[in-house]
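Notebook open, structure loaded. I'm jotting down what I look up as I go.

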Amino acid sequence: MTSALLLIDLTPRIIALPLAPHSGEEVLARCRRLAQAFRANGRPVVLVRVERPNVTEQPPGSGFADGLVQPGDAVVVKRTVGAFHGTGLHERLRELGVDTLVLAGLVTTMGVESTARAASDHGYEVEFVADAMSGFAVEEHDVTVERIFPRFGDVRTTAAYT
């Protein structure tokens, strides 16, 4: 079994949003630790960021957080909420022999949840790092992590991987 870490929308403009229960900076720090652990164990790290479609210039802060992407990481640019539609992500993961996705990033009920649902539809095993993601409100994050995500896979914390 090969697992890959899939980090969603860790861009300065999203990290800076008022998020809960964890700040964007807290999520970024945990995602950096996760990525370091995956790289150290020779497991793939895939970073996904969103671009707004049909605009000539992306808003400031649309690139990845400084130093997040490292040599050997896979990078995916999406133009929808989830990371699979029209991005070639599924094909890239298959090339890497991945069958399990460990999801973290921003925002719990948007990019992370949408990607998780598509991952399940594509036949991947899915794991969630609950303290390495955050939502627009504590309640929506908690309901998703406690009630929705367990229907798709295992919910863990950063400590389980680092």
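Predicted model: local features only at pLDDT ≥ 70, side-chain atom pairs only at ≥ 80, totals over all residues.

I started at V107, which sits in the loop between β4 (100-106) and α4 (108-121). Helices here are DSSP runs of H or I with at least four residues, strands are runs of E with at least two, and both are numbered from the N terminus. The peptide bond leading from L106 into V107 is cis, with omega near -5°.

Numbering starts from 1 along each chain as its sequence is written, and side-chain values use heavy atoms, with hydrogens and water left out.

Next I looked up P21, in the loop between α1 (12-15) and α2 (24-40). A cis peptide bond joins A20 to P21, with omega about 10°.

What does S134 touch, leaving out residues up to four places away in sequence? I found L106 and V107 on its list, and A20 and P21 as well, among others including H22 and H141. Contact means heavy atoms within 4.5 Å. S134 itself belongs to strand β5 (residues 125-134). Its side chain reaches the backbone oxygen of A20 at 2.9 Å; a polar contact is a pair of N or O atoms within 3.5 Å, one able to donate a hydrogen and the other to accept it, and residues adjacent in sequence count only if both atoms are side-chain atoms. S134 has 0% relative accessibility, so I put it down as buried (under 20% relative accessible area; exposed is over 50%, partly exposed in between, with a 1.4 Å probe and protein chains only).

D9 has phi of about 50° and lies in the loop between β1 (3-8) and α1. N54 has phi near 60°, in the loop between β2 (45-50) and β3 (74-78). Buried or exposed, for D9 and N54? D9 is buried at 5% relative accessible area, whereas N54 is exposed at 83%.

Last, the whole chain. I count five helices and six strands, in the order β-α-α-β-β-α-β-α-β-α-β from the N terminus. Of the 162 residues, 49% are buried. Among contacts between residues at least 6 apart in sequence, 80% join residues at least 24 apart.
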